Amino acid sequence: MAANDTSVSDSHPFLGRELRVELTDGRVLVGTLIAYEGSGDLLLQAAVEQRTCTDGEVTVRGLNLLAVPFKHVKTLHRRQEGLEPIVLPSNEPEQPAPTLQI
């Protein structure tokens, strides 16, 4: 391999990694970053959404592919290497992505 060749992980430290993304509306998403735009919009694969309701109830649902506008991202963290992926039980159906209401 030539010295100037770079792998995907060298070109962007979050690409191909599992991320934890907190949104401005309080939802938390965990998924693998497979693409991003120059404006910062993210594309997450095998995402899991966690929402905490006002009564304290926590709901979790699986989303296959999710586009996240960066203007709705509050925090963004790369999950540590070696952690088990966050997945839903196999009987949990995939849900449609909600629209952000601000």
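## Basis of the description

Contact here means heavy atoms within 4.5 Å. The model is predicted, so local features need pLDDT of at least 70 and side-chain atom pairs count only at pLDDT 80 or more, while totals for chains, interfaces and linings use all residues. Residues are numbered from 1 along each chain as its sequence is written, and side-chain values use heavy atoms, with hydrogens and water left out.

## Overall composition

The protein has one helix and five strands, in the order α-β-β-β-β-β from the N terminus. Helices (H or I, at least four residues) and strands (E, at least two) are DSSP runs, numbered from the N terminus.

Of the 102 residues, 25% are buried; buried means under 20% relative accessible area, exposed over 50%, and partly exposed in between (1.4 Å probe, protein chains only). Among contacts between residues at least 6 apart in sequence, 49% join residues at least 24 apart.

## Strand pairing

Two strands pair if DSSP finds at least two bridges between them. Strands β2 and β3 are antiparallel, with seven bridges, and Leu 33 stands opposite Leu 44 in β3. Five residues separate these strands in their hairpin, where Gly 40 has a positive phi near 100°.

Strands β3 and β4 also run antiparallel, joined by 10 bridges. Arg 51 has Thr 59 in β4 as its bridge partner. This hairpin has five residues between the strands, and Gly 56 in the turn takes a positive phi of about 95°.

## Nonpolar core

A nonpolar core is a set of buried Ala, Val, Leu, Ile, Met, Phe, Trp, Tyr and Cys residues joined through side-chain atoms within 4.5 Å. The largest one has 13 residues, of which Val 21, Leu 29, Leu 44 and Val 68 touch the most other members. Two or more residues each come from β1 (18–23), β2 (28–36), β3 and β4.

Leaving aside neighbours within four places in sequence, Val 21 is in contact with Arg 27, Val 28, Leu 29, Leu 42, Leu 44, Val 73, Thr 75 and Leu 76.

Val 48 lies in β3 (residues 42–52) and counts as buried because its relative accessibility is 8%. Its C-alpha atom is separated by 5.8 Å from that of Leu 63, 15 residues apart along the chain.

Arg 61, in β4 (residues 58–68), counts as buried at 16% relative accessibility. The Arg 61 side chain makes a polar contact with the side chain of Glu 49 (2.5 Å). A polar contact is a pair of N or O atoms within 3.5 Å; within protein, one must be able to donate a hydrogen and the other to accept it, and residues adjacent in sequence count only if both atoms are side-chain atoms.
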